[in-house]
Amino acid sequence: MTEPQQPQRKATPLQVAKAVLSAFIGIRRRAAHEHDAVTITPLQVIVTGIIFAAIFVLSLVILVRTITS
């Protein structure tokens, strides 16, 4: 007989942030990607990606304004 499967845990916000940042950079290990694919939900990735993209764009705007002023 097979053992009952344990319910999958959701990833923590730190795990999602690490996965999204490494995707932005383009560096991922296969084992980490496979683990994240099981624990991270699409909603977590979308929300975190939008937040990090907004932070990136705002950082660039502030940097350009600082340099040009």
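Trainee: What joins the side chains of Asp-36 and Arg-28?
Mentor: A polar contact of 2.3 Å joins them. The term stands for a pair of N or O atoms within 3.5 Å; within protein, one must be able to donate a hydrogen and the other to accept it, and residues adjacent in sequence count only if both atoms are side-chain atoms. This is a predicted model, in which local features need pLDDT of at least 70 and side-chain atom pairs count only at pLDDT 80 or more, while totals for chains, interfaces and linings use all residues. Residues are numbered from 1 along each chain as its sequence is written, and side-chain values use heavy atoms, with hydrogens and water left out.

Trainee: Where is Arg-28, then?
Mentor: Arg-28 sits in the loop between H1 and H2. Helices here are DSSP runs of H or I with at least four residues, strands are runs of E with at least two, and both are numbered from the N terminus.

Trainee: Which residues does Arg-28 contact?
Mentor: Leaving aside neighbours within four places in sequence, Arg-28 is in contact (heavy atoms within 4.5 Å) with Ala-19, Ser-22, Ala-23, His-33 and Asp-36.

Trainee: What about its two partners, buried or exposed?
Mentor: Asp-36 counts as buried at 14% relative accessibility, and Ser-22 counts as buried at 13%. Asp-36 belongs to helix H2, residues 30–39, while Ser-22 is found in helix H1.

Trainee: What else do those two touch?
Mentor: Not counting residues up to four places away in sequence, Asp-36 touches Ala-19 and Arg-28.

Trainee: New topic. How many helices and strands does the chain have?
Mentor: It has three helices and zero strands, running α-α-α from the N terminus on. Of its 69 residues, 17% count as buried.

Trainee: At what angle do H1 and H3 pack?
Mentor: Helix H1 (residues 13–25) and helix H3 (residues 42–68) pack at about 60°, with their axes 10 Å apart. That angle makes H1 oblique to H3. Under 35 degrees would be roughly parallel, over 145 roughly antiparallel, 65 to 115 roughly perpendicular, and the rest oblique. Axes are lines fitted to C-alpha atoms, for helices over the stretch in contact, and angles run from 0 to 180 degrees between N-to-C directions.

Trainee: Which residues make that contact?
Mentor: From H1 they are Val-16, Ala-17, Val-20, Leu-21 and Phe-24, and from H3 Gln-44, Val-45, Thr-48, Gly-49, Phe-52 and Ala-53.

Trainee: How many of those are nonpolar, polar or charged?
Mentor: Eight are nonpolar, three polar and none charged. Ala, Val, Leu, Ile, Met, Phe, Trp, Tyr, Cys and Pro count as nonpolar, Asp, Glu, Lys and Arg as charged, and the others, Gly among them, as polar.

Trainee: Pick one. Is Val-16 buried or exposed?
Mentor: Val-16, which lies in helix H1, counts as buried at 2% relative accessibility.

Trainee: What does Val-16 touch?
Mentor: Not counting residues up to four places away in sequence, Val-16 touches Ala-11, Ile-40, Gln-44, Val-45 and Thr-48.

Trainee: And how far is Val-16 from Val-47?
Mentor: They are 31 residues apart in sequence and 9.9 Å apart in space, C-alpha to C-alpha.

How values were computed: Buried < 20%, exposed > 50% of the residue type's maximum accessible area, 1.4 Å probe, protein only.
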